Amino acid sequence: MSEDPATGEEVAGDAVFPYFLYKSKGTDMTETPLSVSELTKVFRKSFGISSFKAIDSISFEVRKGEILGFLGPNGAGKTTTIKCILGLLSPTSGKARLWGSRPASLSVRRRLGYVPENPDYEDAFSPVEFLSMFAHMRKLPDDRKMHELLLDRVGLKGWESVRIRSFSKGMRQRLSLALALQPVPDLMIMDEPTGGLDPNARKEFRDIILEERDRGASIFLSSHLLSEVETICDRAVILAKGKKVTEGSLDDLLRVEEHYRIEYIDGWKTPEETRNAISVDAGNLQNTIDALRNEGRRIIGIDQEHRTLEDVFLSATGGGRR
Amino acid sequence: MRSVMTFALMTLRSLLRRRTIYGISMVLLLALFGIGQVPSFNVDSEGTFLLDFGLFGLEIGALLLAIGLAANIYPRDREQRTAMPLLAVPLSRGQYLMGRFIGAALVQAAAMLVGCIGLMLILVMHGHPIPSDLFPAALLLIVEGWFLLAVVFFFSFWTSPPLNAPLTIMLFVVSQMTVLQFVELFPQASGLMRFIRLILPHMDVFHIKDPIAHGMEIPSLYFLLAALYGLAYMGFMLAVALAVFRSRDLK
């Protein structure tokens, strides 16, 4: 429980997080939060003699209030794309825009929350010190009570003044989530935010992401955890070998033409001896059933087939190897 | 500016929590007190000896402090990825560089002032007067130290720390040389050597230990012009360092 600074009432920690005190300035929610157009990044090695194309003409956008999953096997170019979006890498060609502005613009970056992959911070400071410094750098009020509420929300209550030196990887990830949430971001860019977290912590992260989406924020979520993306994302972009291989809403990606799986056995044997199955589309279902019966086989079950995001991912990435 | 000062304060606190600064300062103070223990051949020249070697020690201290403080800041931030969350969201690269530089410059100035006070104590302990130009000379050494700090930051954006130190020391040595001394290194290419010397900094302007040690009076205007020269060159080095930093990818 914590105290709502506005009313002085005791409230549950994350139920009424007082956004109004922290709200960043200049929010214009009319533009597309993130648009990436024909983005290409080539890394040159050995004095430019050899080169490696990490991402190749990828385009997509994150719409207002949606969670976009960004998927791809290791080395597909996800982190490179994120670094180009954040201005940490300069693209070889193409462009990334945040609310129509260049990523270098500090005014748009102050509306961002960023959760890096394997976050690390100068370990001589405590979480409260970090939140205080980031508040100053972001031109937000430096209010200890707010910092404590934020740390409570991400599960770091009781660790406010402990130096980061003694933090586990999961705790550093929680701190990075707190720093990302600090400006009440209009867009959160998350690079493998739950990698290495235990299932409980993953669930807490997911809940916070959904709360942020419900608040109106847009989320760009890069993740290896397909089940996580399937659970919370509205749309997904899949990369392979630096190229975008598919994009769409989760409903569209998971929708399959009506396919049925027919299980049957030979009439005179027990199911344990000869259980067979075939997959047919809806148009051929009746003909197949008739044919099996004519051949004297006994049908023991007919089920509609379903596709998971893993099926979509493996099919789109061709097994996922670069 | 608020962002830069906050980050500078963060850098200052971070550097003060490391042991490097205390190690270098302790070595500097021990060296100064060691100079005080060196027996002089002539009692009359002891004050000159103490001032000469003391100011030389402070100058070397400024060089070591610059390397010790700054050579590892950016490479460490890059390798440990501590720069990413900062540069991705609240800070521009210019703010990052200025914040890191100001934080390190404050630590260096404090260490140099401590060294200067140490030298004054040694002079008093040996019964010698403190020359009126000692304090301005110490301020000039601080400016020299800041310039060296800017050089170290510049090198740190495109070399590793083990390479940064010899490059900075080489620049320090070369920039103390006169044109003639420099040309003598390669007399066959005297024109080229003169041109290179022209564009390299002239750190000999900070070399005032000899006149101070021998009791010569230095005009105030000299201190002012030398300090302005150092600050201008420092600004130039920081601008070049920023241009290099902006062109670098943060992989």
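1. Chain A contains 11 helices and 14 strands, where helices (H or I, at least four residues) and strands (E, at least two) are DSSP runs numbered from the N terminus. The model is predicted: local features need pLDDT of at least 70, side-chain atom pairs count only at pLDDT 80 or more, and totals for chains, interfaces and linings use all residues. Residues are numbered from 1 along each chain as its sequence is written, and chains are lettered from A and ligands numbered from 1 in the order in which they are written.

2. Confidence. The average pLDDT of chain A (the predictor's confidence in each residue, from 0 to 100) is 82, and 86% of the residues score at least 70. Over residues 1-15 of chain A, pLDDT stays under 50.

3. Of the 322 residues of chain A, 37% count as buried; a residue is buried if 20 or more other C-beta atoms lie within 10 Å of its own, exposed if 12 or fewer, and partly exposed in between, with C-beta atoms placed from the backbone. Two residues are in contact if these C-beta atoms lie within 7 Å. Among contacts in chain A between residues at least 6 apart in sequence, 70% join residues at least 24 apart.

4. The six-stranded sheet. This open sheet of chain A has the order β7-β8-β9-β5-β10-β11, with mixed pairing; two strands pair if DSSP finds at least two bridges between them. β7 (112-115) and β11 (243-249) of chain A are at the edges with a single partner strand each, so one side of each has no neighbour in the sheet. From one strand to the next the twist averages 15 degrees. Angles run from 0 to 180 degrees between N-to-C directions, and axes are lines fitted to C-alpha atoms, for helices over the stretch in contact.

5. Within that sheet, β5 (residues 67-71) and β10 (residues 235-240) of chain A run parallel and are joined by four bridges. A:F70 has A:V237 as its bridge partner in β10(A). Helix α2 (residues 78-85) of chain A packs on the sheet and touches β5, β8 (187-191), β9 (218-222) and β10 of chain A, its direction making about 145 degrees with that of β8(A). Helix α11 (residues 309-317) of chain A also packs on the sheet, touching β5, β10 and β11 of chain A, at about 35 degrees to the direction of β10(A).

6. The three-stranded sheet. Here the order is β13-β12-β14 (chain A), open and antiparallel. Six bridges join β12 (residues 259-266) of chain A to β13(A), and A:R261 has A:S279 as its bridge partner in β13(A). Helix α10 (residues 285-294) of chain A packs on this sheet, touching β12, β13 and β14 of chain A.

7. The interface. 20 residues of chain B are in contact with 25 residues of chain A. On the chain B side, α1(B) gives the largest share, six residues. Which residues of α4(A) meet α1(B)? They are A:M133, A:H136 and A:M137, and they meet B:R2, B:S3, B:T6, B:F7 and B:M10.

8. Helix α4 (residues 127-137) of chain A packs with α1(B) at an angle of about 155 degrees, the axes being 8 Å apart. That makes α4(A) roughly antiparallel to α1(B) (angles under 35 degrees count as roughly parallel, over 145 as roughly antiparallel, 65 to 115 as roughly perpendicular and the rest as oblique). The buried residues of α4(A) pack against α5 (144-153) and α6 (169-181) of chain A together with α1 of chain B.
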